[in-house]
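Okay, thanks for coming, everyone. Let me put the sequence and the model up, and then I'll walk you through it.

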Amino acid sequence: MLPMPSPKLSLQTTTLWRYPSQHYGRGEQGSADYRGATPSWVIWNLLERYTEASEVVLDPMCGSGTTLDVAADLGRMGMGFDLQSQRDDVEFADARQLPVENECADFVFVDPPYGDNLVYSDRPECIGKLDAREQEYFDAMKEVFEEMWRVLRPGRYAAVYTCDVWTRKLFVPLGSHFLYMLSQVFEVVDHIAVVRGNKDLDKGNYHKAAEETNFFLRGFNHLLILRKPEADPNQPPPRAKRKRKPRQERSTPRSRPAGQDRSERSRRSDS
Ligand SMILES: C[S@@+](CC[C@H](N)C(=O)[O-])C[C@H]1O[C@@H](n2cnc3c(N)ncnc32)[C@H](O)[C@@H]1O
């Protein structure tokens, strides 16, 4: 029996987005079983607004492949990378060093780990092992953002989907930190609040605990929409990053020279 269809999908027109389902249509985009999967209707709204048919949409932390499924539905060409491949069309790569040419993508979407709240894989490069209260997490995310910049064509758009962290009695405003970091290089186009439909919060005593111990459950995610400015004719073109020390067999790099050390690693974020 086919699953019940989700409500009609439509373009969101304000900066407060809500849609009462993780997926659209009758099936699934990505996998509902993948913890941390992105709501596909969020990606659908972005691709409808910021891309045209046949354009290249790249997701450097593609997980269960939600971005690839939405891209395929809309006739875009998806490119997905992750450290743990859930399916054949998600290629193994570290989001900080993608095996693609400079400026190959017309749109880049990323939904990164929000610190170490979920276990994604045992891989040492997994940013989901880093505590969002520590500088190391922001250093890693700064490298991801730099790589997004490198692969995006000038004049085109990118989006970062994230959630603030309230953990062990400490609030980390990830959305605000990321917005500041990204605004150092991208133009900030808009900042959307996406209402979270986390049904798990209705189970157990989450709401009671929030009331009794005086904290707030996360009610929305941040969606940061960015644009890479048009190329400045007076500036030299971006250089490919130097290669990170190899950790395991990678899929064949499409563009990168092999055997160089990564000596110019950026030091700290501007968070
Ligand atoms: C929030 S999930 C992304 C979910 C995905 N958008 C989906 O709908 O299934 C974050 C992803 O980041 C991946 N990840 C963590 N560190 C990474 C890294 N250094 N390079 C590439 N992917 C990484 C994790 O494996 C995980 O799949």
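So, the shell around the ligand divides into 12 nonpolar, 9 polar and 5 charged residues. Nonpolar here is Ala, Val, Leu, Ile, Met, Phe, Trp, Tyr, Cys and Pro, charged is Asp, Glu, Lys and Arg, and the others, Gly among them, are polar. Of the 26 residues around the ligand, Met61, Gly63, Ser64, Thr66 and Ala95 come nearest; to be in that group, a residue needs its C-beta atom, placed from the backbone, within 6 Å of the ligand.

Two bits of housekeeping. This is a predicted model, where local features need pLDDT of at least 70, side-chain atom pairs count only at pLDDT 80 or more, and totals for chains, interfaces and linings use all residues. Residues are numbered from 1 along each chain as its sequence is written.

How confident is the predictor? pLDDT is its confidence in each residue, from 0 to 100. The mean for the protein chain is 86, and 85% of the residues reach 70 or more. Over residues 246-271, though, pLDDT stays under 50. Where pLDDT is low, the predicted coordinates should not be read in detail.

Now the overall build. The protein chain has 5 helices and 10 strands, and those are DSSP runs numbered from the N terminus (H or I, at least four residues, for helices; E, at least two, for strands). Buried residues make up 37% of the 271 residues. By buried I mean 20 or more other C-beta atoms within 10 Å of the residue's own, exposed is 12 or fewer, and partly exposed is in between, with C-beta atoms placed from the backbone.

Which residues have the most contacts inside the largest nonpolar core? They are Ala105, Val108, Ala158 and Ala159, in a core of 59 residues. Helix H3 gives the largest share of this core, 8 residues. A core, by the way, is a set of buried Ala, Val, Leu, Ile, Met, Phe, Trp, Tyr and Cys residues joined through C-beta atoms within 7 Å. Leaving out residues up to four places away in sequence, Ala159 touches Leu46, Phe109, Leu223, Leu224, Ile225 and Leu226; a contact is two C-beta atoms, placed from the backbone, within 7 Å.

Leu46 brings us to helix H1, where it is one of the buried residues, along with Trp41 and Trp44 among others. Because 8 of its 11 residues are buried, H1 is largely enclosed by the rest of the structure.

Next is helix H2, residues 66-73, also mostly covered, with 6 of its 8 residues buried. Those are Thr66, Thr67, Leu68, Asp69, Val70 and Ala71. And remember, Thr66 is one of the residues that come nearest the ligand. What covers the buried residues of H2 includes H1 and strands S2, S3 and S5. Just after H2, Gly75 takes a positive phi of about 75°.

Glu103 has a phi near 50°, and its place is in the loop between S4 and S5. Asn214, at about 60°, is found in the loop between helix H5 and strand S10. Buried or exposed, that Asn214? Exposed, because it has 7 C-beta neighbours inside 10 Å. Glu103 is partly exposed, with 17 other C-beta atoms within 10 Å.

Last stop: Asp122, in the loop between S5 and H3. Asp122 is exposed, with 9 other C-beta atoms within 10 Å. Asp122 and Gln84 are 38 residues apart in sequence and 9.2 Å apart in space, C-alpha to C-alpha.

Key. pLDDT = per-residue confidence, 0-100.
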